[in-house]
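The tour below moves from one selection to the next.

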Amino acid sequence: MTEEPQFDEGTTLDRFLMETLRTYPGATGTFVNLCQSIALAGKMISARVNRAGLAGMLGATGEVNIQGEFVQKLDEYANHTFKRSLEHRGHTCMVVSEEDEQPSLVGEQWHSGRYVVTVDPLDGSSNIDVNATIGTIFGVFRRKSEEGTQADLKDALRPGTELVAAGYIVYGSGTLLVLGTEAGVHGFTLDPVVGEFFLSHPHIQLKPGKIYSCNEAYAKKWSEGIQTYLGLCKDRGYSARYIGSLVADFHRNLLKGGIFFYPATKKDPEGKLRLLYEAFPLAYLVERAGGAATDGKMRILDRVPTDLHERTPLILGSREMVEELTALTAQEG
Ligand code: AHM
Ligand code: MG
């Protein structure tokens, strides 16, 4: 890698991509194209989210997805938009989406691409109808199979340590794209009038925090270790913050310091959240920003999925907090 270029706040996402990632030895510009496609999808979804109440986009479609959840109209729009944006520029060979049972790789245009993208197109769906923050989470692998051939499941079922990039877009009081790559973790805010993402949060680094985020209503179903940690948080006077939208809870903790946990229960030993397109991308980002992510026993990024929609317990955030909680759960049966 050549010397890191320095960027001021206000640099456009395009300029940032061209002057950092494009300058890496061996870079062909394909990855930059991929990021531009993701940003385009983010702008389109953001515009639709902002007008949802007026455009008849609130509520459910009547369909039930692979997770057994009611598909919201915006879930469907976000999924379709994300895939359409990726399929035409020859950089992506496969998209694994929360909304689709099978990966998308239909048509010749999917064969040439170099990257596999995993995505939760609209995380926090239960918050859509109440105008609370929702978001898109994505992870990027470089394919293992040969370019020009059809990708297969081996290209997606691999450890999180093989991710080459990850990020998310939050649709909240503003729209922000947070991108993690070899160049670190950086946040770009969308100016909706200009239609561009501008660097607003350069080099994000996680601080130790005093915020804990979990659905405490389930506390009695959690293991002793988790309950002990929850007690410690209260004894120490930490603040509880939980939106019920992973991407929004994660984003707040990334900027302010804190811990998010969605543990296993006896009834659901795998937890609720999905490994490939929720836990992996956020674990990649949190580690790049100096934090940590575990499933209560092991590092999330070392997990090797055997199913595209595999679930996992998830603990992630400021390193000291994640280590303390994981020490309490690691030896539990
Ligand atoms: P989704 O991807 O269908 O929106 O579901 C995942 C969401 C996460 O965003 C959030 O952390 C969690 O489910 C909330 O679950 P609960 O309502 O059980 O606290
Ligand atoms: Mg989700």
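## First stop: a helix pair

Helices H2 and H3 are roughly antiparallel to each other (angles over 145 degrees count as roughly antiparallel, under 35 as roughly parallel, 65 to 115 as roughly perpendicular and the rest as oblique). This is a predicted model, in which local features need pLDDT of at least 70 and side-chain atom pairs count only at pLDDT 80 or more, while totals for chains, interfaces and linings use all residues. Residues are numbered from 1 along each chain as its sequence is written, chains are lettered from A and ligands numbered from 1 in the order in which they are written, and side-chain values use heavy atoms, with hydrogens and water left out.

Select residues 30-51 for H2 and 73-87 for H3: their axes come within 9 Å and cross at roughly 155°. Axes are lines fitted to C-alpha atoms, for helices over the stretch in contact, and angles run from 0 to 180 degrees between N-to-C directions. Helices (H or I, at least four residues) and strands (E, at least two) are DSSP runs, numbered from the N terminus. On the H2 side, the contact is made by Leu34, Ser37, Ile38, Leu40, Ala41, Met44, Ile45, Arg48 and Val49; H3 contributes Leu74, Tyr77, Ala78, Thr81, Phe82, Ser85 and Leu86. Contact means heavy atoms within 4.5 Å. By class, 12 nonpolar, three polar and one charged residues take part in the contact of H2 with H3 (Ala, Val, Leu, Ile, Met, Phe, Trp, Tyr, Cys and Pro count as nonpolar, Asp, Glu, Lys and Arg as charged, and the others, Gly among them, as polar).

## Second stop: the seven-stranded sheet

Next, display the open sheet with strand order S3-S4-S5-S6-S7-S8-S9 and mixed pairing. Two strands pair if DSSP finds at least two bridges between them. S3 (92-97) and S9 (196-201) stand at the edges with a single partner strand each, so one side of each is left without a neighbour in the sheet. Within the sheet, S7 (residues 175-181) and S8 (residues 184-191) run antiparallel, joined by six bridges; Val178 stands opposite Gly187 in S8.

Which residues are the protein donors of the magnesium ion (ligand 2)? They are Asp120 (OD), Asp123 (OD) and Glu278 (OE), lying 1.8 to 2.0 Å from the ion. Donors are N, O and S atoms within 2.8 Å of the metal (3.2 Å for Na, K and Ca); water is not among the atoms, so sites may look incomplete. Asp120 in strand S4 and Glu278 in helix H6 are 158 residues apart, and the pair links distant parts of the chain.

S12 (residues 259-262) and S16 (residues 314-317) pair in the antiparallel sense over four bridges, and Phe260 has Leu316 as its bridge partner in S16.
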